[in-house]
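Please find below a short note for a colleague who is meeting this structure for the first time. The points are numbered so that each may be checked against the display.

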Amino acid sequence: MSTSTTASVSTHILDTSVGRPAEGVAVQLSARAGRTADWQALGGSATDADGRCKVLPALPEGTTHVRLDFAVEPYFEKSANQQADAQQDAPANRDSGAFFPEVAITFAVEPGEHYHVPLLLNPFGYSVYRGS
């Protein structure tokens, strides 16, 4: 939960190729205080059966930028054959379960605000937005 001096972050992942939440994706949270400051790794979590990360670390006071790193390759490797074969124009054989093995989302935050950042994911692309 955010206070007047900190922001808070939550996320979830929807696998749009199958229309279901993406379970078991590791998510790491990092923060920095200013554009030129070094990133501080704060910890992480993994998505649950509903595709949500319910236990992300709190942001330190003074955070201005946040980065969410999603390790999506293991998720797609687990089900690569099922998903690629089910897609009409997807190649039948790939070297990896995902074209993008990792997704890193960086965004600016303001104290006192909550930021929900959903990831819409498929084997060949992704999109994000500020949710509510």
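**Contacts of L68**

1. Not counting residues up to four places away in sequence, L68 touches V9, T11, V27, Q28, L29, L56, V103, A104, I105, F107 and V117. Contact here means heavy atoms within 4.5 Å.

2. This is a predicted model, in which local features need pLDDT of at least 70 and side-chain atom pairs count only at pLDDT 80 or more, while totals for chains, interfaces and linings use all residues. Residues are numbered from 1 along each chain as its sequence is written, and side-chain values use heavy atoms, with hydrogens and water left out.

3. Helices (H or I, at least four residues) and strands (E, at least two) are DSSP runs, numbered from the N terminus.

4. The chain has 132 residues, of which 39% count as buried. Buried means under 20% relative accessible area, exposed means over 50%, and partly exposed lies in between (1.4 Å probe, protein chains only). Of contacts between residues at least 6 apart in sequence, 66% join residues at least 24 apart.

5. L68 is also one of the residues with the most contacts inside the largest nonpolar core, together with V9, F70 and F107. That core has 26 residues. A nonpolar core is a set of buried Ala, Val, Leu, Ile, Met, Phe, Trp, Tyr and Cys residues joined through side-chain atoms within 4.5 Å. At least two of its residues come from each of β1, β3, β6 (65-71), α1, β7 and β9 (119-122).

6. Q28, among the residues that L68 touches, belongs to strand β3 (residues 26-32). With a relative accessibility of 39%, Q28 counts as partly exposed. Beyond its neighbours within four places in sequence, Q28 is in contact with G43, G44, R67, L68 and D69. The C-alpha atoms of Q28 and G44 are 4.2 Å apart, although the two residues are 16 apart in sequence.

7. R67, one of the contacts of Q28, places its charged end over the ring of W39, 4.5 Å from the ring centre. A charge sits over a ring if NZ of Lys or CZ of Arg is within 6 Å of the ring centre and within 35 degrees of the ring normal.

8. H12, in strand β1 (residues 8-15), is buried at 16% relative accessibility. Leaving aside neighbours within four places in sequence, the contacts of H12 include G51, R52 and P118.

9. The whole structure holds four aromatic pairs. One of them, Y75 and F76, is edge-to-face, at 5.0 Å centre to centre with 70 degrees between the planes. Rings of Phe, Tyr and Trp (its six-membered ring) pair if their centres lie within 6.5 Å; planes under 30 degrees apart count as stacked, over 60 as edge-to-face and the rest as tilted. Y75 is buried at 10% relative accessibility, as is F76 at 1%.

10. F100 and Y126 are also edge-to-face, because their ring centres are 5.3 Å apart and their planes stand at 85 degrees. This pair links distant parts of the chain, 26 residues apart: F100 is in the loop between α1 (73-86) and β7 (102-108), and Y126 is in strand β10 (residues 125-128). F100 is partly exposed at 30%, and Y126 is partly exposed at 36%. Together with F99, these two residues form one aromatic cluster.
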